[in-house]
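Please read them with the structure open beside you.

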Amino acid sequence: RGKWISFIDGDDAVSNTFFESLASVFSSDYDVVRFKHTSFTDKIPNIEKEKGDLLPLDEDLVQKIGISAAVRYRVYDDKKLLDLNISESLVTTAVYRRAFLLQNGCRFDEDLKAAEDSLFNAFVCAKRPRYGVFAETLYYYRSNPYSVTKKFNENIKSVTDAYLAKIRRFLDKTYPNDKNIIRNFYRYRCGLALISNFELNLFNPNNKKPIKQRKNEFLKLIAE
């Protein structure tokens, strides 16, 4: 319900001025507005209120933000946007006009156990929303070393295989024959998936498989 949708994780926090700062956004013509965020571990940082401007993005830049979310690499070189250091793939650092999402069939892929936010944002951008970036820190992301996303997972390969296949399918359909996008997909998105397999399974201290077995699984993973 409501005209705007935001996603806030249970262990994160938003600025005390979250709604006050976004008041002008809620009465604007934008479909998506992204804002800055910062990370913390224990105490929520006390950040002085910033005087943030709302930066409108042209259609070409919006497309590049969507591609960046999909491949997990910034394919744009806009200095103002780079200075803001936004996170293109997170859904928690943006607000979305509900009507736009409904009209364009923008939904999460509930079959994915990871990277569903990247795919969602890539799909949203491909629908050419009126997109702005708010130069103010409004979201506080808790860096939790005990998060489920950082725990040993012997089935992580099935997780990464699933989202890689769906993101590649999306890119092929949305940006056909664009070799640069596919090159970045393999170099960065697949590279990060490989690291996840290393950290959460093969080289994780909780992996009790014999060294020889893990070595064989490592060589097989690299070959694929």
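This is a predicted model: local features need pLDDT of at least 70, side-chain atom pairs count only at pLDDT 80 or more; totals for chains, interfaces and linings use all residues.

1. Apart from neighbours within four places in sequence, asparagine 121 is in contact with Arg34, Gly66, Ala69, Glu88, Ser89, Leu90, Val91 and Tyr96. The residue belongs to helix α5, which covers residues 116-126.

2. Is asparagine 121 buried or exposed? Asparagine 121 counts as buried because its relative accessibility is 2%, and the cut-off for buried is under 20%.

3. Two residues in that contact list also make polar contacts with asparagine 121 through their side chains. One is arginine 34, with a side-chain to side-chain distance of 3.1 Å. The other is tyrosine 96, whose side chain is joined to that of asparagine 121 by a polar contact of 2.6 Å.

4. Next, follow arginine 34 into the strands. Strand β3 spans residues 32-40 and pairs with strand β5, residues 94-97, in the antiparallel sense, over three bridges. Within β5, alanine 94 is the bridge partner of arginine 34. Strand β3 also pairs with strand β6, residues 131-142, this time in the parallel sense and over nine bridges. There, valine 133 of β6 is the residue opposite arginine 34.

5. Which way do the residues of β5 point? Ala94 and Tyr96 point one way from the strand, while Val95 and Arg97 point the other way. All four are buried. Tyr96, as noted in point 3, has a side-chain polar contact with asparagine 121.

6. Strand β5 has a further partner in strand β1, residues 4-6. The two run antiparallel and are joined by three bridges. Tryptophan 4 is the residue opposite arginine 97 of β5.

7. How many disulfides does the structure hold? The number is zero. Cysteine 125 shows the reasoning for one residue: the closest cysteine sulfur to its own belongs to cysteine 106 and is 9.5 Å away, so the pair is too far apart for a bond. For a disulfide, the two sulfur atoms would have to be within 2.5 Å. Cysteine 125 also counts as buried, because its relative accessibility is 2%.

Definitions and conventions. Residues are numbered from 1 along each chain as its sequence is written. Side-chain values use heavy atoms; hydrogens and water are left out. Two strands pair if DSSP finds at least two bridges between them. Buried means under 20% relative accessible area, exposed over 50%, partly exposed in between (1.4 Å probe, protein chains only). A polar contact is a pair of N or O atoms within 3.5 Å; within protein, one must be able to donate a hydrogen and the other to accept it, and residues adjacent in sequence count only if both atoms are side-chain atoms. Contact means heavy atoms within 4.5 Å.
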